[in-house]
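Work through the exercises below with the model open in a viewer. Try each task before reading its solution.

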Amino acid sequence: MQKNGFLFLKALLGAFLPILLVVVTGPVWAGTLVLRDDLPSLSLNGGLSVYEDKTTTATIDDVQRISQKGGFTDLAAGYAGGYRTSHIWLRFTVQSESRQPDWILAMGLPFLNYVTLYVPRGDGTFQVSRQGEMIPVEQRDLRVRGPGFRIHLEPGEEKTFFIEVHSKSTISVDGDIWQEGEFHEFEKKDLIIVSSFASLSFYVLLFSVLNLLTKRNLINFSFFSQIVTTFYVNLYTSGLLSLYVFPDMTWPIAVVPFFNGMQLTTNIMLVDCLLRLPLHCPRISKAFRGLAVLGFVMGVIGVIWGNHVTTPSLNMLLLVLIFLVTGLAFWLVMTRGEQGAIIFLVAFAITLAASVPILMRNIGLLPPGTVLPYSTHFVTLCHAMVVGFGLIQQARQTERERQLVQRRLLEESQRSERDLEERIAQRTRALASEIQERRQVEERLRDSERQVRAVLDAASFPMMVMEHRTARPLFINGPAEGVFSGELSLQMFCDHPEIAATLQQDMISQLPFFDREIQLVRKAGGDRWLMVSAVFLRYGGLTAVLFCLNDISQRKELEHSLLGAREQAEHALETERRARREQRNFLAMVSHEFRVPLAIVETATQVLGLTLPPQATDCQGELAKVQRAVARMTDLIETCLADDWLESTSMSLRLETLDLVWLVQDVCEEFAILVDAERMRLHLPEAALLRGDATLLRVVVSNLVDNALKYSPAELPIDVRMSVGSQRVVLEVCDLGKGIAVEEREQIFDKFFRSPSVGRVGGAGLGLYVVRRIVMHHGGTIACVSGPAGWGTVFRVELPLGTP
């Protein structure tokens with residue numbers, strides 16, 4: 001593939017090398033053109049000089065002065081300026097050696113807007129004649145495709161002519177001076193050739209219309225749109241549009257920029273459909289559609305601001321598009337095996353080979369003479385015919401594929417019919433088998449019905465079968481007949497309609513089985529309770545209900561007795577609750593009455609401690625005993641209140657974010673007033689934040705520290721340690737006392753339990769019980785273990801850092 005691409009590039013450079021040599025060749029000095037009788041026409045190439053008026057305001061007098069000063073540039077061939085708004089002035093000198101004085105000057109391309117010829121007179125003035133496609137036909141000197149002028153030169157006369165060209169289309173100018181008879185013969189032949197191309201293009205247009213009417217799809221519409229825009233642009237570039245189609249109108253020429261933009265748009269639409277780019281190259285297809293929209297927008301802009309604004313860009317885009325499409329078609333043929341793309345590859349290859357010099361001339365890169373006559377018409381016609389042939393081949397291929405699909409569908413339909421017939425036969429056999437099985441089932445049902453009757457007759461309790469909808473009795477066993485013939489009536493459901501409605505509602509809501517207790521009034525007086533159990537079943541081919549009746553009157557009497565006992569128990573429970581509330585209120589009142597005197601005593605001892613002299617050591621000791629007794633009474637009251645609060649049903653924690661380290665330090669500082677501060681050794685971290693009830697947690701710490709101080713010798717210290725983990729905080733209170741027996745380490749947390757080994761140390765047996773309850777309410781645990789050296793006791797409390 002790389003080798004083929006290199007060869008293609010090499011061939012392309014070889015083809016365009018002569019043209020590039022002509023472009024880069026420097027200008028030659030324009031000479032005087034000589035008319036002779038033996039020359040039917042004389043080309044202006046080699047005799048032209050050019051001047052570009054960028055101001056567009058120069059007059060013939062200004063240009064004549066510029067010419068005298070050497071402001072014109074000699075040309076080797078015709079002038080190709082591309083799309084520009086400047087006025088182009090051409091100068092050439094002609095000397096006549098012919099006997100005939102009248103000649104015809106044919107200038108430039110047919111689509112130049114304005115071409116003005118200035119012919120010098122003997123008095124220094126000029127005769128002015130204007131031609132161009134924007135000039136109505138009846139105002140032209142000659143009815144020809146391009147600008148044409150009649151000039152008069154006497155034998156031996158020499159004149160210097162000036163031509164002013166102003167056009168919004170590409171400015172490409174060359175010319176010839178013709179003998180009048182020869183010019184008319186040439187014009188006839190030229191018109192025949194151009195008309196032939198136009199006629200063939202019109203036939204291709206008719207073919208596209210018929211193709212679109214035959215099969216209305218996107219590809220045929222794209223081909224029709226492309227042919228319409230190309231046909232219109234060709235009529236414009238050939239001069240036939242202004243000469244024959246719209247001889248007295250200029251607006252058809254004004255909309256040519258729109259058709260130039262639509263030419264790019266329709267070509268992209270056609271390429272997108274022909275090469276099936278959405279299937280093979282979806283991204284390139286999206287880019288092409290964007291270019292199609294751009295072509296339409298540029299066409300509208302060209303109509304508003306002029307052909308010279310957008311057409312150069314459109315020509316470059318069209319040239320790039322031709323290169324891309326040719327490469328894409330070649331790639332699809334070589335890599336994807338798209339044989340249908342070969343025809344379109346040929347079509348765009350022809351367009352590529354011939355359109356490059358045309359587009360390069362239009363944008364001013366090549367002189368006019370490098371483009372062969374009628375090449376534009378020939379290329380577009382060949383392209384359209386090849387694409388049309390490709391569409392025909394594609395339609396044939398599509399028709400063949402459609403017929404193949406129809407044949408496959410027909411075969412599939414026939415196969416489906418055979419399968420359907422086979423399934424119908426199988427279903428018929430299955431139905432016959434099903435009928436036989438149904439008969440056997442019905443026989444089994446009759447046998448089953450007889451068996452059900454036999455079972456019901458053998459039952460020792462009342463049973464009956466009733467139809468589900470009508471409550472019509474279908475079968476009643478012996479015990480049921482005895483019941484209904486005695487105290488109860490078979491019409492009990494009718495005698496008690498509210499019971500019948502309730503039973504029916506329960507049966508519907510509790511399918512397929514339900515139990516129901518009903519109360520009936522005996523004829524002899526009193527109530528009778530029945531347990532009615534029912535289940536749905538099929539009986540005699542009907543949906544029926546099997547009722548089982550059971551007398552539960554005695555059970556109901558027992559239930560009434562139990563209900564009375566329950567009411568008495570609830571009354572006793574309410575009495576107990578009332579007593580407990582009164583007890584709780586009494587405890588709260590007593591604790592309040594105790595707190596006030598204790599607070600007065602504590603304050604008084606503090607005042608006495610401050611007023612006593614330092615040498616009164618005995619008094620100080622007695623005051624310390626009083627303070628310790630007050631503290632023990634206060635702790636006992638707090639513990640009792642905490643226990644009562646924990647036992648209450650309305651207990652709820654007052655949670656807040658607190659620092660457990662600060663709380664432990666605050667409690668230890670309170671105890672430091674009563675004991676030697678050096679006995680309490682604290683090993684605490686900087687902070688331990690958690691969510692808890694500060695009052696209850698203070699009770700926990702206070703009880704543990706107080707127990708450690710009470711149950712260890714006065715001369716030995718206690719340790720308070722705390723560690724913080726990722727999810728929990730651990731608090732340990734260690735003493736060096738006698739320790740607690742292993743069998744008592746769980747009992748000490750029971751309410752009112754006191755170990756026999758504590759001796760005369762005071763206590764109510766509530767502290768550790770309350771501590772454990774508080775810790776559990778906070779989602780934590782508490783345990784009692786031996787000291788590190790086997791001496792003393794360690795109470796370990798673990799609390800979660802999160803919300804309990």
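This is a predicted model: local features need pLDDT of at least 70, side-chain atom pairs count only at pLDDT 80 or more; totals for chains, interfaces and linings use all residues.

Residues are numbered from 1 along each chain as its sequence is written, and side-chain values use heavy atoms, with hydrogens and water left out.

**Exercise 1. The whole chain**

Task: State how many helices and strands the protein chain has, and what share of its residues is buried.

Solution. Begin with secondary structure. Helices (H or I, at least four residues) and strands (E, at least two) are DSSP runs, numbered from the N terminus. The protein chain has 20 helices and 25 strands.

Next, burial. Buried means under 20% relative accessible area, exposed over 50%, and partly exposed in between (1.4 Å probe, protein chains only). Of the 804 residues in the protein chain, 39% are buried.

Then the surface. Accessible areas come from the Shrake-Rupley method with a 1.4 Å probe; for residues, only the protein chains shown count as cover. The protein chain exposes about 44,400 Å². Carbon and sulfur atoms supply 59% of that area.

Last, contacts, meaning heavy atoms within 4.5 Å. Take the contacts between residues at least 6 apart in sequence: 69% of them join residues at least 24 apart.

**Exercise 2. Aromatic pairs**

Task: Classify the ring pairs Y51 with F72 and F126 with F162.

Solution. A pair of aromatic rings is described by the distance of the centres and the angle of the planes. Rings of Phe, Tyr and Trp (its six-membered ring) pair if their centres lie within 6.5 Å; planes under 30 degrees apart count as stacked, over 60 as edge-to-face and the rest as tilted. The count comes to nine aromatic pairs by this rule.

Step one. The ring centres of Y51 and F72 are 5.8 Å apart and the planes stand at 45 degrees, so this pair is tilted. Y51 sits in strand β3 (residues 49-53), and F72 in the loop between α2 (60-68) and β4 (73-74), 21 residues apart. F72 counts as buried because its relative accessibility is 9%.

Step two. F126 and F162 are 6.0 Å apart centre to centre, with 80 degrees between the planes: edge-to-face. F126 lies in strand β9 (residues 126-131) and F162 in strand β11 (residues 158-166), so the pair ties together parts that are 36 residues apart in sequence. Both F126 and F162 are buried.

**Exercise 3. A nonpolar patch**

Task: Find which helix gives the largest share of the nonpolar patch.

Solution. Patches are made of residues with over 30% relative accessible area and no salt bridge; like charges are joined within 9 Å, nonpolar side chains (Val, Leu, Ile, Met, Phe, Trp, Tyr) within 5 Å. V293, F296, V297, V300, V303, I304, W305 and V309 make a nonpolar surface patch of about 720 Å². Helix α9 (residues 282-305) gives the largest share, seven residues. F296 has its place in that helix, α9. Its relative accessible area is 40%, so F296 is partly exposed.

**Exercise 4. Salt bridges**

Task: Locate the partners of the salt bridges R99 with D37, E434 with R438 and R796 with E732.

Solution. A salt bridge is a side-chain nitrogen of Lys or Arg within 4 Å of a carboxyl oxygen of Asp or Glu. The whole structure holds 16 salt bridges.

- R99 and D37 meet at 3.4 Å, N to O. R99 is in the loop between β6 (87-96) and β7 (102-107), D37 in the loop between β1 (33-35) and β2 (41-43), 62 residues apart. R99 is exposed at 72% relative accessibility; D37 is partly exposed at 30%.
- E434 and R438 have their closest N and O atoms 3.6 Å apart. Both lie in helix α12 (residues 375-458), four residues apart, about one turn of the helix.
- R796 and E732 meet at 2.7 Å, N to O. R796 lies in strand β25 (residues 793-800) and E732 in strand β23 (residues 728-735), so the bridge ties together parts 64 residues apart in sequence. E732 is buried, with a relative accessible area of 16%.

**Exercise 5. A strand residue**

Task: Is M722 buried or exposed?

Solution. M722 is found in strand β22 (residues 718-724). Its relative accessible area is 8%, so M722 is buried. Not counting residues up to four places away in sequence, M722 touches residues including L660, V664, H683 and L731. M722 and R796 are 74 residues apart in sequence and 9.6 Å apart in space, C-alpha to C-alpha.
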